[in-house]
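Please give me a short briefing on this protein. I want the overall layout, then a few sites worth a look in the viewer.

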Amino acid sequence: MDFKKIIKERRSIKYFDEHHKLSKDEINEIFKHTLLSPTAFNLQHWRFLVIENNELRKKIQEVSFNQSQVTESSLLVIITGDLDAWKKNPTKYWRNADKNVQTMMGDMIFNFYNHRKQMQRDEVMRSCSMAAMTMMLSAKNLGYDSCPMDGFDFDAVSKLLNLPKNQIPIMFVAIGKKKKEAWPRGGQLNLSEVVTFY
Ligand SMILES: Cc1cc2nc3c(=O)[nH]c(=O)nc-3n(C[C@H](O)[C@H](O)[C@H](O)COP(=O)(O)O)c2cc1C
């Protein structure tokens, strides 16, 4: 699909065809693209939980303001982030590099994040948000629609998924075949309101 079309036609869709299924190849392609998203120091904080079980989807929907995307989408991905990615053998993020580069990056990662709790968490948000966008654009490239979602009870979802303390939910990305168009765009701010040249 043409890049400009992908950008323009990606909209947040509320209602999906519940009978539609994505093929394994399509799902793999979306994830393969998603994993190419950028992250600081290549930490790749994201952990993707694909919710296939319908009973679990219903339970998640109950703590997500009953939003229909949770049960109707073909692919429901809960993007979670690992708060401790920075301290878990960080040389693995540079596994293809020379040993001396691995050591250098390991030291840099430690010095950058050690004792910086807020930064550790902010980076998880940044990485996972990058991934969410790539996921939605990749889905659009295949002719599918999507919805990013944070309208859910974070504690309840963590509990339903038995997430360890260091793994936090960031957002859902629901993907599928739309059965209703998105509302007209709410209204983008003007360039002059948001872009400043220094
Ligand atoms: C972090 C985030 C959370 C969102 N949560 C929800 C949600 O829970 N339910 C929903 O229907 N849309 C949700 N949206 C979609 C926004 O409402 C939508 O992106 C915005 O209105 C702009 O519309 P567009 O994405 O179609 O351009 C969310 C978007 C973002 C970025």
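The briefing below goes from the whole chain to single residues.

This is a predicted model, in which local features need pLDDT of at least 70, side-chain atom pairs count only at pLDDT 80 or more, and totals for chains, interfaces and linings use all residues. Residues are numbered from 1 along each chain as its sequence is written, and side-chain values use heavy atoms, with hydrogens and water left out. The protein has eight helices and four strands. Helices (H or I, at least four residues) and strands (E, at least two) are DSSP runs, numbered from the N terminus.

**Overall layout**

- Along the sequence, the order of elements is α-α-β-α-α-β-α-α-β-α-β-α.
- A box of roughly 55 × 45 × 35 Å, taken along the principal axes, holds the C-alpha atoms.
- Of the 198 residues, 41% are buried. Buried means under 20% relative accessible area, exposed over 50%, and partly exposed in between (1.4 Å probe, protein chains only).
- Contact means heavy atoms within 4.5 Å. Among contacts between residues at least 6 apart in sequence, 80% join residues at least 24 apart.

**Surface and charge**

- The protein exposes about 12100 Å², and carbon and sulfur atoms supply 54% of that area. Accessible areas come from the Shrake-Rupley method with a 1.4 Å probe; for residues, only the protein chains shown count as cover.
- There are 30 positive and 23 negative charges, and their mean positions are 1 Å apart. Lys and Arg count as positive and Asp and Glu as negative, while His and the chain ends are not counted. Each charge is placed at NZ of Lys, CZ of Arg, CG of Asp or CD of Glu.

**Helix α3**

- Helix α3 spans residues 54–62, and its buried residues are R57, I60 and Q61. These three lie on the same side of α3, because they cover an arc of only 100° around the axis. The arc is that of the directions from the helix axis to the C-beta atoms.
- An α-helix has 3.6 residues a turn, so residues three or four places apart point the same way.
- The cover over the buried residues of α3 includes α4 (69–72), β2 (75–82), α7 (154–160) and β4 (167–176).
- At the start of α3, a side-chain oxygen of N53 comes within 2.9 Å of the backbone nitrogen of E55. A polar contact is a pair of N or O atoms within 3.5 Å; within protein, one must be able to donate a hydrogen and the other to accept it, and residues adjacent in sequence count only if both atoms are side-chain atoms.

- S74 sits in the loop between α4 and β2. It is buried, at 17% relative accessible area.
- Leaving out residues up to four places away in sequence, S74 touches partners including D17, H20, R57 and I175.
- K180 is in the loop between β4 and α8 (191–194). Its C-alpha atom is 5.8 Å from that of Y15, although the two are 165 residues apart along the chain.
- K180 touches I13 and Y15, not counting residues up to four places away in sequence.

**Loop between α2 and β1**

- T39 lies in this loop and is buried, at 15% relative accessibility.
- A polar atom of the T39 side chain lies 3.1 Å from the backbone nitrogen of Q44.
- N42 is in the loop between α2 (24–34) and β1 (46–50). Its relative accessibility is 27%, so N42 counts as partly exposed.

**Positive phi**

- Most residues other than glycine have a negative phi.
- N42 is not a glycine, yet has a positive phi of about 60°.
- N162 is not a glycine either, and has a positive phi of about 55°. N162 lies in the loop between α7 and β4 and is exposed, at 66% relative accessibility.
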